[in-house]
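Welcome, and have the viewer open while you read.

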Amino acid sequence: MEWQSLTKAECEKRLGTDARAGLSTQTARERLKQYGKNELDPPKKKSLLLRFLAQFSDFMVIVLLIAAGISFVTSYLQKDNDYIDAIIILAIVVINAITGLVQESRAEKAIEALKKMSSPHARVIRDGKESVIDAAALVPGDVVLLKAGDLVPADLRLLEAYELKAEESALTGESLPVSKQAEKTHPAGTPLGDRKNMAFATSSVTSGHGSGIVTATAMQTEVGRIAHMINSQEAPQTPLQRKLEQTGRWLGIGALLVCAVIFVMGLFQHVQPLEMFLISISLAVAAIPEGLPAVVTIVLAIGVRRMAAKRGIVRRMPAVETLGSASVICSDKTGTLTQNKMTVVELATASGKLAIDSNEGRNLLKLAALCSNCSFSGGVVCGDPTEAALVRACPTSKKELDALYPRVMEIPFSSERKMMTTVHRMENGRYRVISKGAPDVLMTHCTSRTAAGQNDAMARRALRVLGVAYKDIDALPADKTELERNFKLCGLIGLIDPPRPEAKEAVALCKRAGIRPVMITGDHAATAAAIAEQLGILQPGQSVMTGAELNRTSQEELTKNIYRYSVFARVSPEHKVRIVQAFQARGEVVAMTGDGVNDAPALKTADIGCAMGQSGTDVAKAAADMILTDDNFATIVAAVREGRGIFENIKKTVHFLLSCNIGEILTVFVSFLLRLPTPLLAIQLLWVNLVTDSLPALALGVEPIDRDVMERKPIKPTQSIFGGGMGYNIIVEGCLIGSLALLAYSIGRIFFDVDPAAPIIGRTMAFAVLSFSQVVHTFNMRSSESVFRAGIFKNKKLVLAAIACIALQLSVIIVEPLSRIFKTASLAPMQWLVVAALALVPLFVVEVEKALAKRARRRKQRKEDRKKAFVS
């Protein structure tokens, strides 16, 4: 129902109430049964067991569980009691499930925060008497009384409004308190912030008093609609989650198919079925990088810790990585890009601009401060935001001014008069009359030259303009109206909620990183456009779209034309969600920043929601993925850098694990094609997999972030994790590692083994080369630059991991009890020399590969530079 379009009498009739007597107690009881309590509905909860089991529905998790089962069966059939692989895999899966369960309560917390914002009590008129009741007992038709300091307990159509102002920034994004006017009506479809005859649940009354009829309670209120959106919106999967799920699916299917082929080939070569089965399932375990989820979890956890040190608290670990993929940042204006504090920025007279520190400027500000009703609490200026800005800008404290020029009379501001007048006693016994208000109104009361041109110019720059006028009189007139005549215009004061000092540089950094900044605000279009231009968000050729225009635009049309707009003004919570969804439909990864209740649905809909920690409401924080404790938009840039670094490290880990796993599979597969005895036993395959998939992979995950990471374009969510030639490199490097292991096997079997049919030396050499070459290969993965330029010892954790892996591998060959378990032989010095030489080959081959790739990139860049020069 569009209550703002109805008159007071029509609202009374529709709601079956009386503006003077209110509802009867009996009618209120009946309506409470009909409409229910004035409380927000909690989200439907699944049982703890169902929520826990849901964590195991991911394909990669299912494959890991199968791998754990295979590993367990292998150990059981071999009777070696080596269940470490199965235990590690199960531990990874369970830890991930518990983490997901803990992080799943965002929507519930958002609703609880909304409840906390509700007013616990309300003053109502029932049976013709004023009484105080629980806000939960309010029903449509109740007449509610309001005064300064009250939280509005439900949505109201105002009946009376005496200088009534309401703070609605959390709902509408309007930075200033809104003056309410009960007599007005507004057409259907009027934006929330322009409904002057309405008061909304959870907003607060900053001044004045009034009354209103309850039009909606609980989930039917505007804040209730937001709660419903929070409940109904599903948080999207992060790009990394989507890519890893896709990768896991293909890896799992591919590994099982390859192992099935190898098993059949082994049977055709008359290998014992049990032995062949053990080798096949060992290969399956080796092929699936079960260490990957653990690496991802640990890398994300480290990123979360780093972000906390940079004033960004991450509520969902994958959110850090998502920021690294962000290509659009939709930011609220008030309190996010701006300071949410009205500030005097410009002074002017009819002659032109006036310096704030000039004598005329200081005098203008003193007069404005005298003609204000601010108070002080703990050294902080309290009161109307505009008046507080005037007092803060004044060079002399208001206390001193009030003592020097005591106030003897006041004609208060009203929305009809649009001006305020105060009278002050001067030291010489005369009186100074000061008036401030809307310049166009105030100038009609002045005798001096008007400053209409200056007023218009300041208004075009989206400044809130106040005029200040004064006159000195000998005695107070009998008629108050005489006080507001024959003023001398002192000047104009321009105020604005200014941009945060660091926001402009943050916007520029985002653009350099290929990220599109977009402003979404409930404020007026002119104000939003002015701030956006100052920050560099609104560029030539881009437009501003208002909420009214959005209402006339279909979602399909909005999605089609979304790139034309960089600023969206006077929008509602529903509009914010639509804008986020339009960018997402164009394949963008969207980050949304905000601090108000009105931002909460969009914060949850976005790929990542960032709430402000200081000025943000509890609702916004509960719906967000990340909270910026310093309310600093620039912190997002640090988070983007961290996210990109994390994604790069995860890519390095995936690259390393898959190239090594391909090498393991090829070693066995090619030997069967050549009808050779198996080069690796099942237990050896599992050991190599365990050693190389753990410590080196984890150490790669904590690699320092590349210096140029913010100069690159965002990674598109549709782009495969294997894009940019990574898939090709994985295959080539996997083939190299497999070939080296096979070469070591052949050398040992042909030149050193007594019986080539039982090649224990060749198998040991292959086992050693496969493991050591993978450890060496981890250093290749550290950077696209040469390992010698990047610094071999820069990542100390990787150096320690490499030493530990080499020691573990040597132990199962040299230590006799372990060598018997792993069926290895002690190697002679010449054999160790061959192993060492072959293990180092990947380092030199990949160095050559990097050099060629770097030369190709330079050639491509020179070609592009010549093309640009030709065009220009």
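## Before we start

A residue is called buried here when its relative accessible area is under 20%. Please keep in mind that this is a predicted model.

## A helix residue to begin with

Let's start with Ala802, which sits in helix α32. Is Ala802 buried or exposed? Its relative accessibility is 8%, and the cut-off for buried is under 20%, so Ala802 counts as buried.

What does Ala802 touch, once neighbours within four places in sequence are set aside? The answer is Val775 and Phe779. Another residue to look at is Phe772: 30 residues separate Phe772 from Ala802 in sequence, while their C-alpha atoms are 9.0 Å apart in space.

## The pair α30 and α32

Two packed helices are described by the angle between their axes and the distance between the axes. For helix α30 (residues 760-780) and helix α32 (residues 796-814), the angle is about 175° and the axes lie 10 Å apart. The two helices are therefore roughly antiparallel to each other.

On the α30 side, the contact is made by Thr764, Phe767, Ala768, Ser771, Phe772, Val775, Thr778 and Phe779. The α32 side brings Leu798, Val799, Ala802, Cys805, Ile806, Gln809, Leu810, Val812 and Ile813. Sorted by class, the residues of this contact are 13 nonpolar, four polar and no charged.

## The pair α26 and α29

Now move to helix α26 (residues 634-673) and helix α29 (residues 726-752), whose axes come within 7 Å and cross at roughly 45°. That angle makes α26 oblique to α29. The crossing of α26 and α29 is right-handed.

Residues of α26 in this contact include Lys651, His655, Leu658, Ile662, Gly663, Leu666 and Val670. From α29, those taking part include Met726, Ile730, Glu733, Gly734, Ile737, Gly738, Ala741 and Leu742. The contact of α26 with α29 has 13 nonpolar, eight polar and two charged residues.

Leu347 has Leu354 of β11 as its bridge partner.

How much of strand β19 (residues 516-520) is buried? Four of its five residues are, which leaves the strand mostly covered.

Strand β9 (residues 328-331) is joined to β19 by four bridges, and the two run parallel. You can find Val328 opposite Arg516 in β19. Strand β19 is also joined to β21 by two bridges, again in a parallel run. There, Ile520 has Phe568 of β21 as its bridge partner.

Ala462 lies in the loop between α18 (452-460) and β17. Its phi is near 65°, a positive value in a residue other than glycine. Ala462 is buried, with a relative accessible area of 9%. Arg570, in the loop between β21 (565-569) and α23 (573-585), also has a positive phi, near 55°. With a relative accessible area of 8%, Arg570 is buried.

The last stop is Ser203, in the loop between β6 (198-199) and β7 (204-216). Ser203 has a relative accessible area of 2% and is buried. Which residues does Ser203 contact, leaving aside its neighbours within four places in sequence? They are Asp150, Leu151, Val152, Glu167 and Glu168.

How values were computed:
Residues numbered from 1 in each chain as written. Predicted model: local features only at pLDDT ≥ 70, side-chain atom pairs only at ≥ 80, totals over all residues. Heavy atoms only, no water. Pairing = 2+ DSSP bridges. Axes fitted to C-alpha atoms, helices over the stretch in contact; angles between N-to-C directions. Parallel < 35°, antiparallel > 145°, perpendicular 65-115°, else oblique. Left-handed = near helix turned anticlockwise from the far one by under 90°. Contact = heavy atoms within 4.5 Å. Nonpolar A, V, L, I, M, F, W, Y, C, P; charged D, E, K, R; others polar. Buried < 20%, exposed > 50% of the residue type's maximum accessible area, 1.4 Å probe, protein only.
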